[in-house]
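Keep the sequence beside the coordinates as you read.

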Amino acid sequence: MAENLLLNSPHLLQRISLSPVMLRLMQEALKPEPDFAVMAETIRLDPALATTVLNLVNSAFYGLPQKVTDLHRAALVLGSREILKVAVSMTLHKDLEHGFPECHYDFYPDWRLIVWSSIAAELLAVRMCPEQTDQAYLCCLLKDVSLLFLRCAARELLPEPEQHDRITVLGKGQLECEAEAWGLHHAALSQMLLLRWGIPLEMCESIRFHHDLDGLSGHAPLTQAVILATQWSEMELGHASGPFGVVQFEGMLRNILGLTEREVDGLRSECLTKFRSMLQSLGIGEGDEKRAYYRHSVKAMQGYCFLSMDILTAEGGLASVAQVLGKHIRLNWDVRSWDVALKSPHRDLYRLYHLTPEGKLERAEERYPINQIPWRIHTPGLEISSSGQHLGELRLGEAGLPKDELDNLALYLRFFGQGFEHYCARQAVLEEKALAFDKIPIGVARLDPSGHVLEANRKFVEFLSLANPAKGRLMADLLARRLPQETISEFANFVADPARGSFGKIDYFQTRDAAGTSSDGALYLSAHRMEDVHGRSVLALIEDLRELSEVEVQTLRRKNFLERLIGSMHELVLTVSGDGVIGFCSRQDLGLVGSAFFKAFQPVESCVDAWTPSLLTAESPGHVEAVLHPEGGEELAFELSFAPLGGPARAATDGNGLDRECLVVGRDLTQIRRLEAKLKVRAMLDGLTGLYNHYQFHTTLEREVSRCRRKERGMGLVFCDLDKFKDVNDTQGHLAGDQVLKRMGTLLLRLVRQGMDFPCRYGGDEFAVIVTEVDEAHLLVIGQRILADVREQLNGTVSASVGVTMLRADDTPQSLLGRADRLAYKAKAAGGDTLAGG
């Protein structure tokens, strides 16, 4: 891996090291207070560097009233730190340009990106982390140092060793490729090198994550400034996701920094001025003027972005796209005659459109390869492209547009190109889907949740013999032309019940040809609920089964009759094979067909000796109560009865003898069992507080006394009597008293240990808690907690007199209760709001 190679190769490490001048300058730049003497001495070691620094200091960006001729004067005017940043930038540029004479690589596009990001990081840091502006500048200056040095010193280690420029622009999947090839990506490699060169860890962390725009909010302000500056440089210099991304990024900057559109424009202008001055001092031109977006205002780009959005809603093929283009260039540039060639969405051919001076849009009949387009206008063309893909060309019939207007038109076409790329991607998919949709031999329709047709293919219309389009009509009404009312009702019930996921039915029908001859046919109707980008909908399928024989049609008739008969029964009807697989179920919503019967149903307690397929062959299995757990539904209880079905037996799947299908009929006991459960709860719990009632208190007390004696574990009883409760009833009414009792019940339920302590309402305003697995000290703690919570939670409305006592060797349940009651009375006699133990 590259990491190991770097660590284990002193020669390579030496080749990709910074020069001594660069290292000394960086050390000074990182100090809280740089030493001017050291800085000036270091810069004077390189006369060319000193000259370049002074040239930049005297540039238009700083706007000094008098020319500065020495470093000392420059430091007094601008400050030592500003001079240092300029010197570090110049030195790094020189190290790369002159340190590898054998490296034939164009550094200029990368340097433009580095310079913009460094300046931008400093300006962003002023607003995000003012104490770390210098660190932000240096981070962006050095973030891609590993790529630049490796390209010069060991380009064979790069994933794309033949790349000739813009190696610092992040490509799709680049980080993953680097991690696979090297064991770490270039940002981590830069971090490793800079740590070896003495750069502080915090700066190195920012460098490691300089591409992590998705995780921006989780980083420190310094790292956020570096991430944003990295993205900003790639956007403004035209190397990122296209013009839409530039507008979106400017909006993101406004939101993150809390700036207005004018303030972002000012920040951008400040960055651009310093960017151009730095490039001029480094002797680097601005490069391809058509690529960079910084030459255009944010407002102009926003306007063209909004205009290009019209393409995304264009309907009517490429002609509608050409009309949108024509409308925009007529309104904004007053161009009334043009040719435009647009690439077909799913073919590498172009359609030519011509707008005459009279305003008539004409289309060439054929589609042409790019080099065979029969242009009617022969002026130089303006390219329409996106993501490096040629999508078309525009030629203007009127000459004489000023250069700035032509530049604006070219910018608009970049936005138009990206919008057209999205249109082509969407349209190609839609056309392919539509073609396949109409060619499949099955009728397909998408319905809204109420059962109205949203869209349908050609076969759907043919199968139902529709004279008019199906869109907007109720599916149940359309089915009436072919299928019986029973099937239509079942389908309507399915649509009305959102809990049902699917529906399926085979039905026969009679049809007559043009001569009046009737014939039998059959259709398979199925429907499935789904959720997609359009929201909830129903997919309906109709399959023609006309190839069925007469015998099969008659069988279908009998099958439909039997299904309707069984479907009208209240009982659940199943057929189960000898090896326990469900072959038929009268309730499709349960989804049991094909399931293992003895896994789907589980017997209640031990009501049968063996819950296996052997039960199906028993002479008289009797009735079995079992529960079913449908997927995504509530538990259902059934009383099952078994009877062998007639018909020929078949060989058992295990090869041992024969097995025969069994009829299983289930009487639904779900409602009965739910009612029984409710009655059981009501018999045990107090209806007002949710605590155990008086009867259950005595039952539980006897059980726990017996259990604690048997296991020789400690047990106690807490008895509470509310003070001043009668006053609440008398002054505020019984509803207020009920609320006090409910809050007391909630309080006790929260305090106790589930399964070990049993809170009860003894009666009226008296409560008891049976406490198990406890000693006397902990019992007193529980009593004190109850007393304190009553004070806090009931806000002095009532208080409690609490008695606590442990179970003694000679106690009975009654004697334990009596003693706890007397202790509570003792606490009340002492004035209440206290605890008595004994």
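Contact here means heavy atoms within 4.5 Å. This is a predicted model: local features need pLDDT of at least 70, side-chain atom pairs count only at pLDDT 80 or more, and totals for chains, interfaces and linings use all residues. Residues are numbered from 1 along each chain as its sequence is written, and side-chain values use heavy atoms, with hydrogens and water left out.

Start at Met 278. Leaving aside neighbours within four places in sequence, Met 278 is in contact with Leu 56, Ser 89, Met 90, Val 115 and Tyr 137. Met 278 sits in helix H16 (residues 261-282). Helices (H or I, at least four residues) and strands (E, at least two) are DSSP runs, numbered from the N terminus. Met 278 is buried, at a relative accessible area of 3%. Buried means under 20% relative accessible area, exposed over 50%, and partly exposed in between (1.4 Å probe, protein chains only). Val 86 is 192 residues from Met 278 along the chain, yet their C-alpha atoms are separated by 8.3 Å.

Now the cores. A nonpolar core is a set of buried Ala, Val, Leu, Ile, Met, Phe, Trp, Tyr and Cys residues joined through side-chain atoms within 4.5 Å. In soluble globular proteins, nonpolar side chains tend to be buried together. Which residues have the most contacts inside the largest core? They are Trp 111 and Leu 124, in a core of 131 residues. Helix H8 (residues 108-128) gives the most to this core, with 12 residues. Not counting residues up to four places away in sequence, Trp 111 touches Ser 89, Leu 92, His 93, Leu 96, Leu 141, Leu 282 and Ile 284. Apart from this core lies another, of 30 residues, including Val 718, Val 740, Leu 741 and Leu 787.

Helix H14 (residues 221-236) comes next. Its 16 residues reach 22 Å from first C-alpha to last, close to the 22 Å expected at 1.5 Å a residue. The expected span is 1.5 Å times one less than the number of residues. Because 14 of the 16 residues of H14 are buried, the helix is largely enclosed by the rest of the structure. Just after H14, Gly 238 takes a positive phi of about 80 degrees.

Turn to a hairpin. Strands E4 (residues 382-386) and E5 (residues 389-396) pair in the antiparallel sense over 5 bridges. Pairing requires at least two DSSP bridges between two strands. The hairpin has 2 residues between its strands, and Ser 387 in the turn has a positive phi of about 55 degrees. E4 has a covered face of Leu 382, Ile 384 and Ser 386, and an uncovered one of Glu 383 and Ser 385. Glu 383 has Glu 393 in E5 as its bridge partner.

Glu 393 also forms a salt bridge with Arg 395, their closest N and O atoms being 2.9 Å apart. A salt bridge is a side-chain nitrogen of Lys or Arg within 4 Å of a carboxyl oxygen of Asp or Glu. Arg 395 is buried at 15% relative accessibility, and Glu 393 is buried at 16%.

The structure holds 28 salt bridges. Arg 536 and Glu 531 form one at 3.9 Å between the closest N and O atoms, and both residues are exposed. Arg 761 and Asp 686 meet in another (3.4 Å, N to O). Arg 761 lies in strand E20 (residues 757-763) and Asp 686 in the loop between helices H25 (670-684) and H26 (694-711), so the pair ties together parts 75 residues apart in sequence.
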